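Reader: I am new to this structure and would like to learn how to read it. Please take me through it one feature at a time.

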Amino acid sequence: MLTSLDALLFAVAVLVLGKGLASRSSLWFAGRKEIRKGSLSTLAGYLLGSRKILKRPLQGSAHVFVFWGVVLPALIVLVSQFRPRLPETLSNLLSLFLDLLGLAMLCALVFMLVRRWTKSEEAGPKRTAVPALTLLGIVVTGFLAEGARLSILGAGFSWQSPVGSVFSSVLPASPLLMQVMIRLHFFAVLFLIASLPFTFLRHLVAGSLNVYYKSRNPHGQLRSLSLESNHPGAKRVNDFSWKQLLDAEACVSCGRCEENCPAAISGKPLSPRKVVRSIQEQMQAMNGTVTKPGLPLLNQRISDDDLWSCTTCMACVEHCPVFVAPLDKIMDMRRYRVMGEAALPAEAKATIRSLLLYKDVYGKGIAHRTDWAFNRGVPLLSEEVEVLLWVGCSGAFHPRYQETARAMVKILKAGGVRFGILGKEEICCGDPARRLGEESLFLEIAQENIRRIKERGFEKILTLCPHCFNTLKNEYPSLGGSFPVVHAAEYIADMIRLNKIALKYSLPAKMALHDPCYLGRGNRIYKPLREIAKAIPGVTLLELPRNRESGFCCGGGGGRMWLHEKLGMRMNLLRAEEVVKSGAEVLGTACPYCLTMLEDGIKNLETGKPAKVMDLVEIVASSIR
Ligand code: SF4
Ligand code: SF4
C-alpha cells in the first residue's frame, strides 16, 4: 500500500506526465484539420496480437516482453490498492507469473541495449538510453527487494518467486537493504512516469494513438486534396494534417520502411525514414506554433531527387510497425512542387501534356483508341451487359499489352460473358496524373470518366491494369463514382472456380509470380494470382524470395514508368536478377507496367537463363486455345 507521501509523489509524477503530453500534443495539433475516426478494437487487436511487431521475431518478442512487463504489473499494482481478496493458489500463481515476466523483461532490455549500442544507427543509443536504463533499474531493484525479503523470511527456495529466490541466495537478510531497494524501485517508477513525454518512451502514447486513428482505407487509395487552399500539397510541416504529424511523432526510427523501400535498396537518395524524421525534427523546431510559417521541408531537408525516386509502391506503409505512412507525405510534397511551383521533371511534363491534349498517357489520341480491337469482334457497349471491360491506356495503345487486351476478350468470349468496351468514350483513368502530382488534371479526367460510366448499364467493371483498378475502385467513390470494380485476376480466378472456362493446354514450365504493388499491397489481392497459376496444367509454381506483401516493385509505379531512372541501380534489373536466380522459366504477372519493366529488365540481364514474362491473362487465354 502507498503512504500519503507516496501518493503525493505519485500525483506529482502524473501531473508532470499530463503537462508533458499536453505540450507534446500541441506539436501535432499544429497541423491542418483532418477528420479521423478512432477504433478501440483496432488498438486492442494490435496490442494483443502484436502481429506487425513480431514480424521481426527477436526484436519483436523483446518489445512485447518490455511492453507487457510495464503494463501488467502497473495494472496489478493499481488493482491491489483496492485490496482484493485472492485465493492463495491464485495469488501464488500470479506471483510466479510476475516473476517470470520480470525475468523475460530483464533479458529483453539487456538484448535491446546491446543491440542499440552495437548498431550503427546514430540516433538509436541516445534516444533509447534513458528509458531503457530506467526500466532496467526498475526490474533489478524489484528483484533485489524481493530477494532481500525472501532472505529475511529464510524460507529457502520459493516456487512462487524463482528469480527472487536466486537473488535471495546471494543477499543478506537485511531489512534496511529491502527498504532501500523498495524506495529505489518506487522512485525509478516515478521517474519513468514523469519523464515519459520527454523521452523516446513517448512512442507508447503516440504509437497507440496512431494505431487507434489508423486509416481503414486500402493502402492504394491516395488522400484527396482540396484545391481550394492557397497552395495544395505540403511545403512546410504545418501544411500537413494533425494525423500526418502524429504519424511523424509515432515513428520509432526502426528503419523497416527503409529496408523495404525499393528506392533506398536500389541506391537512390530517398529514405522514407529520413522523410518522417525530417518532419519530426522540424515539428519540434516549430514548437507547436501554428502561426509561425515554419522552415521549408522542401529544399532544406527533402530534395526533388528524394520526391521523384518514390514509385508509390507502399512497401514503407505496409512494413511500418506503427502504421506510419511516409508515402502520403512524399505525395503531398510532390503535389506542392508540381501544382504550387510547376517544378516537375521534363519527361513528366511530356506525360502530363499527353494527358491534357489526348486524354491518354501515350499521346496517341482518341481516334486510335480502338485500333487494338480492329476486326476482333469486340463489342462496343450499347445495351446492358454483365461486364464493362476497361481496357486502359496500355491495353489500348501499348503494342505488347494490346496482346493482353485481346487475350482478355478471348477469355470473356470462351466463358460466354456478355461484355462491352467504351471504345473511344474511354479515356485514361487519371492514375498517372494523380501520382505525378497533377491533382487538378486527375480530378478533371476522373469526373469525365465518372460521367460517361454512369450513362452505361453494366453489372461490374473489369480492369486489366491494377492502377486503373485501384483508381476506379478506391478513388472515384469520393468523387461520386461508386462502381463495382474487379481486376482481371479476380475475375478469371472466379471463372475457373465456377468452371466457366476449362484450361486444357498445358504450360510445362516453372512459373514464378510477381505481385504488382497496386494489386498486392494496394488492395490485398494475392490469392487469385496463385489460384490461376495452379489451375494451368503443367505449371510448377515458384515463389520469389520477395513475394506478396514483401514483393519488390518493378519500378514503374508512381508515374516512374514515364521517367528516366538516372540515380542508383535500376529497380527492374534488381527484380529481374531475382527472377532469373529463382530458376523460373516463366514469370507471371498481372499489370502492364510490371510486364513492360520486367521484360525490359530480363532482356538487359547479361547472365542467367532469361524467363519469359507474361500476363496471367495471356497464359490463361493460351491454355483455352
Ligand atoms: S516510419 Fe515506421 S517503419 Fe519507418 S522508421 Fe518510422 S516507425 Fe520504422
Ligand atoms: S512508397 Fe515505395 S518507393 Fe515510395 S518511399 Fe515508400 S517504399 Fe519507398
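**Cores, helices and ligand shells**

Author: Start with the largest nonpolar core, which has 144 residues. Those with the most contacts inside it are Leu-389, Met-408, Ala-489, Ile-492, Ile-532 and Val-617. Bear in mind that this is a predicted model.

Reader: Which residues does Met-408 touch?

Author: Leaving out residues up to four places away in sequence, Met-408 touches Leu-389, Leu-464, Ala-488 and Val-617. Another core lies apart from the largest one and has 27 residues, including Leu-106, Leu-109, Ala-132 and Leu-135.

Reader: How is the chain as a whole laid out?

Author: The chain has 28 helices and eight strands. It is divided into domain 1 (4-30 + 37-211), domain 2 (229-341), domain 3 (358-496) and domain 4 (501-623). The centres of domain 1 and domain 3, taken over C-alpha atoms, are 56 Å apart. The C-alpha trace spans about 95 × 60 × 50 Å along its principal axes.

Reader: What share of the residues is buried?

Author: Of the 625 residues of the chain, 47% count as buried. As for contacts between residues at least 6 apart in sequence, 80% join residues at least 24 apart.

Reader: How do I read the buried residues of a single helix?

Author: Begin with the general idea. An α-helix has 3.6 residues a turn, so residues three or four places apart point the same way. Now take helix α25, residues 527-535, where Pro-528, Leu-529, Ile-532 and Ala-533 are buried. These residues cover an arc of only 135° around the axis, which puts them on the same side of α25.

Reader: What covers the buried residues of α25?

Author: The cover includes the helices α23 (488-497) and α28 (616-623). Strands β5 (509-513), β6 (539-542) and β7 (586-589) are also part of it.

Reader: How do I read the surroundings of a ligand?

Author: List the residues around it, then ask which elements supply them and what class they belong to. Ligand 1 is surrounded by 15 residues, and the closest are Cys-251, Cys-254, Cys-257, Cys-320 and Val-324. Helices α10 (256-260) and α12 (272-286) each supply at least two residues of this shell, and α12 gives the most, with three. By class, the shell around ligand 1 has ten nonpolar, three polar and two charged residues.

Reader: Which residues are closest to ligand 2?

Author: Cys-261, Cys-310, Cys-313, Ala-315 and Cys-316 are the closest of the 15 residues that surround ligand 2. At least two residues of the shell come from each of α11 (262-265), α15 (315-319) and α16 (326-341). Helix α16 gives the most, with three residues. The shell around ligand 2 divides into 13 nonpolar, two polar and no charged residues.

Reader: What should I look for in the backbone angles?

Author: Most residues other than glycine have a negative phi. Phe-323, in the loop between α15 and α16, has a positive phi, near 60°. Ala-342 is not a glycine either, and its phi is positive at about 50°. Its place is in the loop between α16 and α17 (346-358).

Reader: Why does Ala-342 count as exposed?

Author: Ala-342 counts as exposed because it has 8 C-beta neighbours inside 10 Å, and the cut-off for exposed is 12 or fewer. Phe-323 has 18 C-beta neighbours inside 10 Å and therefore counts as partly exposed.

How values were computed: Residues numbered from 1 in each chain as written. Chains lettered and ligands numbered in written order. Predicted model: local features only at pLDDT ≥ 70, side-chain atom pairs only at ≥ 80, totals over all residues. Near = placed C-beta within 6 Å. Helix = DSSP H or I, 4+ residues; strand = E, 2+ residues; numbered from the N terminus. Nonpolar A, V, L, I, M, F, W, Y, C, P; charged D, E, K, R; others polar. Buried ≥ 20, exposed ≤ 12 C-beta atoms within 10 Å, placed from the backbone. Arc of directions from axis to C-beta. Contact = placed C-beta atoms within 7 Å. Domains from an automatic or database assignment. Core = buried A, V, L, I, M, F, W, Y, C linked by C-beta atoms within 7 Å.
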